[in-house]
Amino acid sequence: MTAIDEKIEPIFAEVLRRNAGEVEFHQAVMEVLGSIGRVVAKHPHYANSALIERICEPERQIIFRVPWMDDKGQHHIARGFRVQFNSALGPHKGGIRFHPSVNLGIIKFLGFEQTFKNALTGLPIGGGKGGSDFNPRDRSDGEIMRFCQSFMTELQRHVGEYTDVPAGDIGVGAREVGYMFGQYKRITNRYEAGVLTGKGLIYGGSRARKEATGYGAATFVQCMLRTRNTDFEDKKVVVSGSGNVAIYTMEKILSLGGKVVACSDSNGFIVDEGGIDLDLVKEIKEHRRERISEYAKIKKGTSRYVDGGTIWDVPCDVAMPSATQNELTGKDARTLIRNGVVAVGEGANMPCTPDAISAFREAGILFGPAKAANAGGVATSALEMQQNASRDSWTFEQTEKRLSEIMVGIHDLCAQTADEYGSPGDYVLGANIAGFVRVAEAMEALGVI
Ligand code: NDP
C-alpha cells in the first residue's frame, strides 16, 4: 500500500484517534489518503478549508434500536445504523446490510467507499450506507417481514428521494427491499418509489438492477484484460460467494466465454472443473435458500465440496472476490500469483487486504478495485431513480447498454487518471484520485458545510 504523504499523515492520525477501534474504517481511509498525496502536491488548494478532514467525517450517523418478534413470540433487539457520509454530489446513496458482523465501523467504511464509488459513476449521487446486526439466516418469511418493518419504522424519518436513498447489500435483496418499501409507504402515505432502489419490477424496480453489480464487475475486468490484448475467452475463473454479486458475475463471465470453476458461501466452496452449473447454483441459492454444499451432493462425481478452507487455493486465470471484506489475504494473493492469475476484480467491497493488494500491484497483476469494479450496482440504482422520477420503465437492453457504457467510462477514467499521475495501469491510484477529485470539487463549490 502506498505510504500516506507527510502533509496528510496528521489527518489520518486524527481519524484513528476519533474513530478508535473501527479497523475497517481505518483501512478504507488509509487506502484513499495513501493515494491522494500527488493530487494535493499538484493542487495544494485541496488541503485548504479542512476539506480532507471533512471528507473523512460523515455528515450524519444514526444508530437506533430495532425490536422485533420471532415466530415463537419471543422479542429480540437488534441495532440499526444509517451513516449519511457525503451528499456533495447528490442525495446519500448506498445499500443496507443485514449480517451479525455489522457494527458502526463497518458501516462507516462502506459509506466512505461508497462516496468515491458513486462519484466515479458520474451520476448525481452522494454516499451513504446502513444496516443491522440482525442475522437473517434461517429466519422465516414472517420474521424477515416483521424485522424489515421495524427497521423502516425508524429509518423512514431519515430517508427520502431527495435526502437518502438506500438499496440492498449482504442479506438484503428484493424481498427485504419490498417489505421496507411497503412500510415506508404505509407510514408516510406517499408512493415515493425513488426512496429505495433494488425494488421488484412490478412496483418501480429497474430491469437489470439485479444483474448490475456482477455484470458491471465482469465488464470492468474485460476492459482491463483488453489493455493486454486478451479477454475472458477460455479463461478459468474463480468467483467467491454465491449471492447476488457472485451469481451475476458468473453469468456475465459465461456469456463472455469464460469458465467459472469454483464459488463459495460462508461455510465452504465447491469446485467443478467442467464449469459451474449456474442454473443449479441459482436454484440452490435464490430459490431454496440452501447451503452451497448441496451443489456437490447433486453433482456427485463431477464436483467436490470443501468445508472451510480457502477458495483462493483453486488455480485460475482470473479471481473475482465477491463475498465480503478482507476475504482474500496476502497469503491467498501469493498463492494466486504462483498459480498464474492474470487479473483480479473486486466484486465485493474491500475483499482484498492491503497486503494482498500490494502483492498484486508488485507482481503487475491487473487489479480492479471495488470502488471502480463494483460500481455497476449503484450506477443502475441511479438509473432506477431516473426511471422513477420520470415515471418511466426502460427495457433490459436499454438499461444494460447504459450500464455497460458507464463501466467502460469508469475503466477509462481510472486508466487515464493513473497515466496522468505517473502510474500507468494502477487502477487503485486512478480510482482513488478520480473519485476524490470529483467529490472535492463539489465540496469546494458548496462552501464549508
Ligand atoms: P449476498 O447476501 O447476496 O451474498 C453474500 C455472499 O457472500 C453469500 O454467498 C454469503 O454466504 C457470502 N458471505 C457473506 N459473508 C461472508 C463471510 N464473512 N465469509 C464468507 N462468505 C461470506 O450479498 P451481495 O452479493 O449483495 O454482496 C456481496 C458483496 O458485494 C458485499 O461486499 C457487498 O457490499 C458488495 N456489493 C454488493 C452490491 C449489490 O448490488 N448487491 C453492490 C456493490 C457491492 P452465506 O450465504 O453463507 O452468508
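Two strands pair if DSSP finds at least two bridges between them, and strands (E, at least two residues) and helices (H or I, at least four residues) are DSSP runs numbered from the N terminus. This is a predicted model, in which local features need pLDDT of at least 70 and side-chain atom pairs count only at pLDDT 80 or more, while totals for chains, interfaces and linings use all residues. Residues are numbered from 1 along each chain as its sequence is written, and side-chain values use heavy atoms, with hydrogens and water left out.

Q: What makes β2 and β4 a pair?
A: Pairing requires at least two bridges. Six bridges join β2 (residues 75–86) to β4 (residues 127–132), so the two strands pair, and they run antiparallel.

Q: Why are β1 and β5 called edge strands?
A: The open sheet has five strands in the order β1-β2-β4-β3-β5, with mixed pairing. β1 (60–69) and β5 (164–167) each pair on one side only. Neighbouring strands of this sheet are turned by 20° against each other on average, direction ignored; the axes are lines fitted to C-alpha atoms, with angles from 0 to 180 degrees between N-to-C directions.

Q: What is Asp169 in contact with beyond its neighbours within four places in sequence?
A: Contact means heavy atoms within 4.5 Å. By that criterion Asp169 is in contact with Gly95, Ile96, Arg97, Lys129 and Asn349. Asp169 itself is in the loop between β5 and α7 (174–188).

Q: How many cavities of 30 Å³ or more are counted, and what makes a set of points a cavity?
A: On a 1 Å grid over the protein atoms alone, a cavity is a set of points where a 1.4 Å probe fits but cannot get out. The count comes to two cavities of 30 Å³ or more. The second largest cavity has a volume of about 40 Å³, a volume being the space filled by probe spheres set on the points.

Q: Which residues line the second largest cavity, and how is their class decided?
A: Lining residues have an atom within 4 Å of a point. Glu31, Glu113, Glu346, Met350, Pro369, Ala370 and Lys371 line this cavity. Asp, Glu, Lys and Arg count as charged, and Met, Pro and Ala are among those that count as nonpolar; the lining therefore has three nonpolar, no polar and four charged residues.

Technical notes. On a 1 Å grid over the protein atoms alone, a cavity is a set of points where a 1.4 Å probe fits but cannot get out, and a pocket is an open set with protein on both sides within 12 Å along at least five of seven lines; lining residues have an atom within 4 Å of a point.
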